[in-house]
Amino acid sequence: MLKLTDSKLAALKRLSDENGIIGALAIDQRGSLKKMIASGSAAPVGDEGIVRFKELVSEELTPYATSILLDPEYGLPAAKARHSEAGLLVAYEKTGYDANAVGRLPDLLEEWSVRRLKEAGADAVKFLLYYDVDEDEKINDFKHVYMERVGSECAAEDIPFFLEIVSYDAKNEDVKSLEYAKVKPHKVIEAMREFSKPQYQVDVLKVEVPVDMNFVEGYSNGEVAYTKEAAAGYFKEQSEATHLPFIFLSAGVSAELFQETLRFAKDAGSTFNGVLCGRATWKNGVTPFAEIGEEAGRAWLRDTGKKNIQELNTVLKDTASSWFQKVSTKRSEAAGV
């Protein structure tokens with residue numbers, strides 16, 4: 001069971017609904033979002049385009065989300081535009097990774113610290129780590145020490161640490177391939193097991209589902225990597241690999257497939273505690289925003305974007321488990337409660 005200070009417990013409650021389910025909206029994309037907007041716009045798109053789109057998403061969709069994940073580079077105006085009852089997570093990592101360097105090494109935003117993010121209004125700090133459990137030991141040792149430092153910084157500031165783990169295979173760049181699908185359960189589950197260790201001081205894991213649903217029997221239109229029974233077994237194994245609260249990321253799949261995946265996870269016995277859902281909710285709103293203008297983007301968010309998040313919320317009520325069952329407070333434990 002995760003032991004939380006009263007301050008961390010209060011912060012997690014601000015990020016969740018009254019039942020301990022996290023239904024968070026993620027829009028901390030930076031370079032990728034700027035490219036999405038630029039590709040659909042006839043005129044050059046500067047920083048103001050990405051800043052404004054984030055504001056629109058925050059204004060229109062946070063009334064239906066428990067919290068929102070933003071970045072400090074372009075997202076702070078959107079943080080101010082969020083609904084009064086929506087919590088705030090803020091990203092601490094630089095976007096992307098150096099494709100010319102080996103190991104997809106993590107890198108902090110140099111002009112920020114956990115203290116500064118907290119002062120900017122963050123209820124929790126999120127860090128994204130690319131991780132291959134089978135990569136060179138020196139590379140992974142570097143990542144282990146790096147995460148220990150981030151965890152210690154969050155503990156010192158008494159703010160929840162959300163660690164987002166994105167798995168990969170250093171020997172296979174094609175994460176959409178059948179070959180990667182076959183090794184993905186091992187990559188995802190063992191990464192979760194590693195970063196559930198106490199030295200990292202992680203409070204919530206943000207993780208991928210353990211299989212590629214496009215290769216699951218009954219969900220695939222072609223090649224199959226797993227039977228339904230095998231896939232269900234991986235969801236159960238993933239859930240049992242950690243004592244920490246964990247939430248799923250949408251990884252850019254469609255809203256419909258993500259919702260089906262959550263139902264599959266529940267039926268498999270997964271005790272996931274919510275989602276941090278990004279592109280599955282808002283990505284198709286970029287096109288009208290870029291091609292037609294702000295009001296077209298707003299209209300899409302008010303219609304389809306709202307529909308996506310409300311449907312996801314309905315699925316969460318039926319599938320997610322409360323993180324209340326996975327935590328205790330240090331004060332309560334000391335009092336023998």
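This is a predicted model: local features need pLDDT of at least 70, side-chain atom pairs count only at pLDDT 80 or more; totals for chains, interfaces and linings use all residues.
Residues are numbered from 1 along each chain as its sequence is written, and side-chain values use heavy atoms, with hydrogens and water left out.

**Helix α1**
- Lys8, Leu9, Ala11 and Leu12 of helix α1 (residues 6-14) are buried (under 20% relative accessible area, 1.4 Å probe, protein chains only; exposed is over 50%, partly exposed in between).
- Seen down the axis of α1, these buried residues fall within an arc of 160°, so they line one face of the helix; the arc is that of the directions from the helix axis to the C-beta atoms.
- Helices (H or I, at least four residues) and strands (E, at least two) are DSSP runs, numbered from the N terminus.

**Asparagine 273**
- Asparagine 273 is found in the loop between α9 (255-268) and β9 (274-277), and is buried with a relative accessible area of 0%.

**Salt bridges**
- The count comes to 31 salt bridges, each a side-chain nitrogen of Lys or Arg within 4 Å of a carboxyl oxygen of Asp or Glu.
- Arginine 104 pairs with glutamate 173 in a salt bridge, with the closest N and O atoms 3.0 Å apart; the two are 69 residues apart and link distant parts of the chain.
- In that pair, arginine 104 counts as buried at 11% relative accessibility, whereas glutamate 173 counts as exposed at 56%.
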